[in-house]
Amino acid sequence: MAVHSSLSSPLGPPACENDAKPLQFIDQMTRNADAVQHTVLAEILSRNASTEYLRRYSLDGATDPQTFKAKLPVITYEDLQPEIQRIASGDRSPILSSHPISEFLTSSGTSAGERKLMPTIKEELDRRQLLYSLLMPVMNLYVPGLDKGKGLYFLFVKSETRTPGGLLARPVLTSYYKSDHFKTRPYDPFMVYTSPNEAILCPDSFQSMYTQMLCGLLQRHQVLRLGAVFASGLLRAIRFLQLNWQDLATDIRNGTLNSRITDPSLRDCIEKILKPDAELADFLSDECSKEDWEGIVTRIWPKTKYLDVIVTGAMAQYIPTLDYYSGGLPLACTMYASSECYFGLNLNPMCKPSEVSYTIMPNMAYFEFLPHEPNSGNDSPPKLVDLVDVEVGKEYELVITTYAGLYRYRVGDILRVTGFHNAAPQFHFVRRKNVVLSIDSDKTDEAELQKAVEKASELLKEWKTSVVEYTSYAETKTIPGHYVIYWELMVKEATEEGKWPSKEVMEQCCLAMEESLNSVYRQGRVADNSIGALEIRVVKSGTFEELMDYAISRGASINQYKVPRCVNFTPIMELLDSRVVSAHFSPALPHWTPARTR
């Protein structure tokens, strides 16, 4: 076990009596990280000893880390797919877990274009709730008085389906919001939302957003913090206000609810709290009709202390836009979680986004770390490291073993160790492995992008045209953001009437790319309105040679140069945009429907 010379002091005196226990729990767990990890692994292995998966590897009841690591392989989702398919099809025997699989949590990561299905068990809800219960006691150490007002949080449920065997399949947050843990949560003055449950739980995204925004406006002087899960979600809410403020002002002025809100329980709930308020309607109209929306958040919600959104990883691209609309309010990233497992929390939530580090809570799962050394030149696979043995400054891929039946599972997150809180390491989220493009919860990797380009370029064949080179970037200045693909084309034979493919053909290429992208992307386009139409920008012949020349002038090796499939470096984007000869957008929505319920 690694020894750390300067262990951190406790977090600080609790802001109120109820916060003392949660802060003591964090201190206890992080001080005893190694012992807690051994206990967690022993619990997982002993309770699941009779499962088909553990029997396959002849653990024979062993619960120690050495035997576990010697006998069980490190796996990916694809390795586990046969077992997951059996469970999804109705096999209720103890395949992965001795406890019944209660539902599947659909990951935003995909396999073969479809969402991954993560098995979970009922008690995992308690474990997630435990982590949630630690967030406000930590925040209260940094931001006083949060019990004197409310949070305007834009929270949504997504569509859910059933597997052939009858198990629900839905995103982890939809599962949480629909659970009694959320719906019948006890009153806590630090955790009061402006949105009623009926608005959050309405499955229609327009009606849900409209009523959540309306409630936030009606209670604007009580709002102390604004939030959404991702930064992109909060920007989508601001864009929604830009498009719908006139209707919202009309509702507030007249005390009547827009006819587009048709959900009966939602209408009933909102009509009880909506009263005519001409003064608020005039204020809203005055503010929203101004051309300049800089600082709109604090203009409408003047008591806002911070924004509670994830701005790490791919979401960092939204920080400048959030700063513009909020007038530079602090951005709080509070926790680190995924569909597979909830991992930990940020013990300094008011730090700068670039300094966010998450402390792994050792009671959540058994954690191992695969050293991430892409350029080491070492052919032998690196040895996995325990939670307490990671080294500051090094990068690792996260590997988890959960109570719900994932064993030595590679999550695909790359983390850098920034320090320790007591004996528990703290990590900066670097990126998702292999992800090239991301706007919201979508994740498109290089292979998917390549496949989409190949599919779309088939439409160019009759024009004797091919795609010579391509790159991409996530355009986030528009709301919602959208994928931009740069194409350099080559015409093999000149045709009579204009040698380039027509505008209509190029638009169909945009749509063909979208049709080829994974279901999470298509759901974002069709159901969630979280992603805008894909754009192809055609650049002049020779542009990608210029790109290579530029890279070489900055020190890249001509022998090892590869065209980057995604760009975000300003000089490169300026070079590309200065060479654009035409731009085309997808003319329609791609095909997406939830899987059929059986």
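Me: Which residues touch the most other members in the largest nonpolar core?
Reply: Leu241, Trp301, Phe367, Trp487, Met513 and Ile536 do, in a core of 168 residues. This is a predicted model, in which local features need pLDDT of at least 70 and side-chain atom pairs count only at pLDDT 80 or more, while totals for chains, interfaces and linings use all residues. Residues are numbered from 1 along each chain as its sequence is written, and side-chain values use heavy atoms, with hydrogens and water left out.

Me: What makes a set of residues a nonpolar core?
Reply: Its members are buried Ala, Val, Leu, Ile, Met, Phe, Trp, Tyr and Cys residues, joined through side-chain atoms within 4.5 Å.

Me: What is isoleucine 536 in contact with, leaving aside its neighbours within four places in sequence?
Reply: Contact means heavy atoms within 4.5 Å. Isoleucine 536 meets Ile485, Trp487, Met506, Cys509, Cys510, Met513, Ser582, Ala583 and His584.

Me: Why are H11 and H13 called roughly antiparallel?
Reply: Helix H11 (residues 231-254) and helix H13 (residues 278-288) pack at an angle of about 160°. Angles over 145 degrees count as roughly antiparallel, under 35 as roughly parallel, 65 to 115 as roughly perpendicular and the rest as oblique. H11 and H13 are therefore roughly antiparallel. Their axes are 8 Å apart, and their crossing is left-handed.

Me: Which residues meet where H11 packs on H13?
Reply: From H11 come Leu241, Trp245, Leu248, Ala249, Ile252 and Arg253. From H13 come Ala278, Leu280, Ala281, Asp282, Leu284, Ser285 and Cys288. They divide into 10 nonpolar, 1 polar and 2 charged.

Me: How do you know whether proline 137 is buried or exposed?
Reply: Compare its value with the cut-offs: buried is under 20% relative accessible area, exposed is over 50%, and partly exposed is in between (1.4 Å probe, protein chains only). Proline 137 has 4% relative accessibility, so it counts as buried. Proline 137 lies in helix H6 (residues 124-142). Leaving aside neighbours within four places in sequence, it is in contact with Asp19, Pro22 and Leu23. The C-alpha atoms of proline 137 and lysine 21 are separated by 9.2 Å, though 116 residues apart along the chain.

Me: Why does serine 107 count as buried?
Reply: Its relative accessibility is 6%, so serine 107 counts as buried. Serine 107 lies in strand S1 (residues 103-111). Beyond its neighbours within four places in sequence, serine 107 is in contact with Arg115, Lys116, Met118, Ser339 and Val520.

Terms used:
Axes fitted to C-alpha atoms, helices over the stretch in contact; angles between N-to-C directions. Helix = DSSP H or I, 4+ residues; strand = E, 2+ residues; numbered from the N terminus. Left-handed = near helix turned anticlockwise from the far one by under 90°. Nonpolar A, V, L, I, M, F, W, Y, C, P; charged D, E, K, R; others polar.
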